[in-house]
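This briefing is meant for someone meeting the structure for the first time. Please look over the sequence and the model before reading the points below.

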Amino acid sequence: MLPQQFNLLGHTITVKIDNSYCQENECIGRFIPWDNTIMLATKYKTEKTWRKYKPSVIEHTFHHELIHCILYYTGHEDLWLNEQLVDLIGGLYHQYETTKR
């Protein structure tokens, strides 16, 4: 389950589902630091209709964007913009969250 908001270092981060935003910006998710917002898509537009992403794709994307957000607040631009690192840590954290007992 995705949160609607959470806090990091005194900043309130809002999580929004906005399929149109993600379609226009060609993304599944995005952390917007100046707005303290994580935007996520739950579906994408094909030529004829909208199709839903699988829940695991949405969850993985949330964790990916969460790691962007966490690393942004460390103050290390070289880390929060490193897609390979962010995706690896986000994927590992997602796996932890979905397999813990």
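The model described here is a predicted one. Its four strands form an open sheet in the order 1-2-4-3, with mixed pairing, and helix 2 packs on that sheet, touching strand 1, strand 2, strand 3 and strand 4.

**The sheet**

- Strand 1 (5-8) and strand 3 (29-32) stand at the edges of the sheet, and because each has a single partner strand, one side of each is left without a neighbour there.
- Direction ignored, neighbouring strands of this sheet are turned by 20 degrees against each other on average.
- Strand 1 and strand 2 run antiparallel and are joined by four bridges, with F6 having I13 of strand 2 as its bridge partner.
- These two strands, strand 1 and strand 2, form a hairpin that has two residues between them, and L9 in the turn shows a positive phi of about 50 degrees.
- Strand 2 and strand 4 run parallel, again with four bridges joining them, and I17 stands opposite L40 in strand 4.
- Strand 3 and strand 4 run antiparallel and are likewise joined by four bridges, while the bridge partner of I32 in strand 4 is T37.

**Helix 2**

- The direction of helix 2 makes about 20 degrees with that of strand 3.
- Helix 2 has 18 residues, which at 1.5 Å a residue should span 26 Å, and this agrees with its end C-alpha atoms, which are 26 Å apart.
- The buried residues of helix 2 include I58, F62, L66, I67, C69 and L71, and also H63, H64, E65 and H68.
- Besides packing against strand 1, strand 2, strand 3 and strand 4, the buried residues of helix 2 pack against helix 3 (77-80) and helix 4.

**The nonpolar cores**

- The largest nonpolar core has 14 residues, and those with the most contacts inside it are F6, I13, V15, F31, I38, F62 and C69.
- Strand 2 (11-17), strand 4 (37-40) and helix 2 (55-72) each supply at least two residues of this core, and the largest share, five residues, comes from helix 2.
- Once its neighbours within four places in sequence are left aside, F62 is in contact with L2, P3, F6, V15, I38 and L40.
- Another core, of eight residues, lies apart from the largest one, and among its members are Y21, C22, I32 and A41.

- H94 has its place in helix 4 (residues 83-99), and because its relative accessibility is 11%, H94 counts as buried.
- Not counting residues up to four places away in sequence, H94 touches S56, E59, H60 and H63.
- H94 and T74 are 20 residues apart in sequence, and from C-alpha to C-alpha they are 20 Å apart in space.

Notes
Residues numbered from 1 in each chain as written. Predicted model: local features only at pLDDT ≥ 70, side-chain atom pairs only at ≥ 80, totals over all residues. Heavy atoms only, no water. Core = buried A, V, L, I, M, F, W, Y, C linked by side-chain atoms within 4.5 Å. Buried < 20%, exposed > 50% of the residue type's maximum accessible area, 1.4 Å probe, protein only. Contact = heavy atoms within 4.5 Å. Pairing = 2+ DSSP bridges. Axes fitted to C-alpha atoms, helices over the stretch in contact; angles between N-to-C directions. Expected span 1.5 Å × (residues − 1).
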